[in-house]
Amino acid sequence: MPIDYSTPGVITALTPDQRQLAAELPADPVAICRAVAGLIVHPAQTGSLGLPEPRMGAQAIRPVTRILDELLAIDPAPLTKVREPRQRVVGTCRHFATVSVALLQAHGVPARARCGFASYFRPDRHVDHWVVEHWVAGHAAAGESSDGESSDGESSDGRWVRIDPEILDGTNVSHPDDLAPGEFLTGGEAWRLVRSGDADPATFGVNGTDHAWGPAEIRGNAIRDLAALVQVETLPWDEWGRMEASYRGETGLDYDHLIDLVAQVCAEDDAERIRVLYNSEDLAVPAELKN
């Protein structure tokens, strides 16, 4: 059966009261994502806010229901209200993505988070990042003619549109509500680009660090993206399976071949193959990383 991205998974499920608050938002996907930008403040933007340490800990919350509980404890106003930065919940790009997905799903919009790398934060660098994909029916994809025929002759009734809720009102890219090919790469897309020799793995990593760059970061995000496709959106720094060994440089060709398979299956976007692969050794998210 196809994965129903219009219904929540374990991370994006909301309480009945939160669904009522979500219903007050406009149904337009871009408007929903723009509202999320007024609810969350990135840790990098908190330096002048003087927030107490417990507030900073919100970036480690996984379920969206608890993220919204934290937000509403700070300010119980409707989700339509744009909070001042000090009144927002602290969260990384992953929070922007998962909260957006949850609110989109509350409106019945098929949506999913994607884990990978953005090319628009630093010149010549691909920075660890999460974005949102929402399904737009009957929307011609890149390479399609106006009659809906793709360049390989297959018809399409829609496409996944990538949107970055964190930068919707910024100038990083021309259309943050519909990211162009290459502006954001999933972990699997980045891995395939590197394996083909078309990108330098040293240019992929975590902003603000000197050490967290290279193949291990790409492997990790490829696996996190696979998990996101089965609606288990981990924290950006969660590690399981052989990830830790990969970061230590202790994995070999067999692990690289596994990541090759992860990248291929994610690219094919076949629900059955995604589920089967995800549930194999080294790839399924442990229970303790789901709450």
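# Charges, cores and covered residues

Modeller: The chain carries 25 positive and 45 negative side chains, with the centres of the two sets 5 Å apart.

Colleague: What makes a side chain positive or negative here, and where is its charge placed?

Modeller: Lys and Arg count as positive and Asp and Glu as negative, while His and the chain ends are not counted. The place of a charge is NZ of Lys, CZ of Arg, CG of Asp or CD of Glu.

Colleague: What kind of model is this, and which residues and atoms count?

Modeller: The model is predicted: local features need pLDDT of at least 70 and side-chain atom pairs count only at pLDDT 80 or more, while totals for chains, interfaces and linings use all residues. Residues are numbered from 1 along each chain as its sequence is written, and side-chain values use heavy atoms, with hydrogens and water left out.

Colleague: How many helices and strands are there, and what makes a run of residues count as one?

Modeller: The chain has ten helices and seven strands.

Colleague: Why is the chain called as compact as a globular protein of its length?

Modeller: The radius of gyration, taken over C-alpha atoms, is set against the globule rule, 2.2 Å times the number of residues to the power 0.38. For 291 residues the rule gives 19 Å and the chain has 19 Å, so the chain is as compact as a globular protein of that length. Along its principal axes the C-alpha trace spans about 50 × 50 × 35 Å.

Colleague: Why is Ile218 called buried?

Modeller: Buried means under 20% relative accessible area, exposed over 50%, and partly exposed in between, with a 1.4 Å probe and protein chains only. Ile218 has 0%, so it is buried. Ile218 lies in helix 7 (residues 215-229). Setting aside residues up to four places away in sequence, Ile218 touches Phe117, Gly187, Ala190, Trp191, Val194, Pro201 and Phe204; contact means heavy atoms within 4.5 Å.

Colleague: Thr80 and Arg83 are both in the loop between helix 4 and strand 2. Which class does each belong to, buried or partly exposed?

Modeller: Thr80 has 43% relative accessibility, so it counts as partly exposed. Arg83 has 1%, so it is buried. Outside four places in sequence, Thr80 is in contact with Glu24 and Leu25, whereas the contacts of Arg83 include Leu71, Leu72, Asp75 and Arg88.

Colleague: What makes a set of residues a nonpolar core, and how many residues has the largest?

Modeller: A nonpolar core is a set of buried Ala, Val, Leu, Ile, Met, Phe, Trp, Tyr and Cys residues joined through side-chain atoms within 4.5 Å. The largest has 36 residues, and Leu14, Ile40, Leu79, Val99, Leu103, Leu104 and Trp130 have the most contacts inside it. Helix 2 (29-37), helix 4 (64-74), helix 5 (93-106), strand 3 (111-118) and strand 4 (126-137) each supply at least two of its residues. Helix 5 gives the largest share, eight residues. Apart from this core lies another of 34 residues, including Phe117, Ala263, Leu277 and Tyr278.

Colleague: What share of the chain is buried?

Modeller: Buried residues make up 53% of the 291.

Definitions and conventions
Helices (H or I, at least four residues) and strands (E, at least two) are DSSP runs, numbered from the N terminus.
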